[in-house]
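Please have a look at it on the screen before I go on.

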Amino acid sequence: MRLCNLWIIAGSLVFYALFGIKNVLVLLVSIVTNAVFINVLNLRKNRQLLSGAIVVNVASLLFFKFSGVFFPIAISFYTFNQIAYLVDFYRGDIEKFDLLEYLSYILFFPKLLQGPLMSYGDFRTQLKESAKKSLDWELIMRGLLLISLGLFKKVILADTIGKAVDYGYNSLATLGWWEAVLVAIFYSFQLYFDFSGYCDVASGICMIFGFELSLNFDSPYKAVNIIDFWNRWHITLTKFFTRYIYIPLGGSRKGALRTYANIMIVFLISGLWHGSGWTFIVWGAMHGVLNMITRAITSVTDKHKNGLSTSANTSLDENRTIVEKLPGRLANCGKRLFTFIYVTIAWVFFRANTISDAALLFKRMFSGGIRPYYSDFANYFRLDEIWYVFKLTPIVNFNFAWDLCMWLFLAFTIVIVFFGKSAINYAKECKIGIGTTLLTAVLLVWCVLSFGGVSTFLYMNF
């Protein structure tokens, strides 16, 4: 186990050093500072000392976020992990401080850059279990499949879509109405594939070694309301804010008004965590407002439910015909659509540089004229790989051939996002054979050949 920890520490430091020596220095200073706090807490469990340690961590994070000096890669994630360790150590959830295990927990490279924010207890348990496991070739194949799917999401889907989105936000004043709508929708998909792609790659790497990362992404655009969305999007961040901010503030234990105030505080903090501008405050406030409204509606609805037991409801539902179930299914589709539209509108503020830019994009949606979109916008979806396929068909002779690439991208992403099985579930449940092996090989080769234009993961900037 000690050798395993040493390998993780050394390998992770080398990996992180690729992002520059300044990043490593900030990381090491943060780790040493927190290690000192932990050792002092070990001598005396003092609440004021814990508060001081948390203040130091938060202050350092805010300094780099707002000072403009430079923003160390992954500082938000390793700062939050260390705050969680401090609190859990103070509460007695961690029995003793072990430096090597602590360093492994903070530095573990699959989760270092973008999470998930695993608890120390879960990490230590998984590490012990994986250390006992022997080489499993089927697990290796499943891990490689998951990595290939994650890379495909990032390299082919997210980055291709991202170029069109960048064009849109750099040309706000000249966008047509339909083009402005597409920019907003495509940014929702860019974020989705960028973040889920990272989660898949990280989980795939861990899967190869028999280590299971905490689930951090679970088809969030299938959510039926905003609460469900945050139970699916960046799951471990939601749990972190709940455990270390929402509950200490009083949670839902002190009446409705206090509960709603706590919810808004958490979402405003979430907005500040993601960025320093007013756009992020608006984004956080929008999620907080809808969360409060949803909770209020749910509370009223629950009070008016009939007295049927859960088992009776389940039995009744199973005996209903497809036609009888249709209204409920349509209602769920409507809820999912509303949630997606609302989240997409909120993402506009998340992406825009200023409130004015966000307002301009909304204005173009209603005053951009009848022109559907510029050909320049569709050009960003013209992948050479699709061109070679088109050359074999009569489609290449039509003027709309390249515009068709954009619509194929849109249709493909809609199918994956709203109807497809999550990549991690597919990798765990599929039958490993010739088909999955070929899929893994094709996607890996395709992504490697496309690495030249790959951008950094979006959440590395938070």
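Let me begin with the second largest pocket, whose lining takes at least two residues from each of helix 8 (137–170), helix 9 (177–208), helix 19 (401–419), helix 20 (423–429) and helix 21 (434–449). Please keep in mind that this is a predicted model. Helix 9 contributes the most to that lining, with 5 residues, and the lining as a whole is made up of 28 residues, of which Leu149, Lys153, Ile416, Lys421 and Ala423 lie nearest the centre of the pocket. The space in this second largest pocket comes to about 510 Å³, and by class its lining has 17 nonpolar, 8 polar and 3 charged residues.

Now to the largest pocket, which has a volume of about 610 Å³. Which helix supplies the largest share of its lining? That is helix 3, with 8 residues, while helix 3 (47–66), helix 4 (75–91), helix 11 (235–246) and helix 12 each give at least two. There are 23 lining residues here, and Ile54, Val58, Ile83, Tyr244 and Ile245 are the ones nearest the centre; sorted by class, the lining holds 18 nonpolar, 1 polar and 4 charged residues.

Is Ser270 buried or exposed? Ser270 counts as buried, because its relative accessibility is 3%, and, leaving aside residues up to four places away in sequence, Ser270 touches Phe241 and Trp283.

Note on methods. Residues numbered from 1 in each chain as written. Predicted model: local features only at pLDDT ≥ 70, side-chain atom pairs only at ≥ 80, totals over all residues. Heavy atoms only, no water. Buried < 20%, exposed > 50% of the residue type's maximum accessible area, 1.4 Å probe, protein only. Contact = heavy atoms within 4.5 Å. 1 Å grid on protein atoms, 1.4 Å probe; cavity = no way out; pocket = protein on both sides within 12 Å on 5 of 7 lines; lining within 4 Å. Points joined across faces, edges and corners; volume = space filled by probe spheres on them. Helix = DSSP H or I, 4+ residues; strand = E, 2+ residues; numbered from the N terminus. Nonpolar A, V, L, I, M, F, W, Y, C, P; charged D, E, K, R; others polar.
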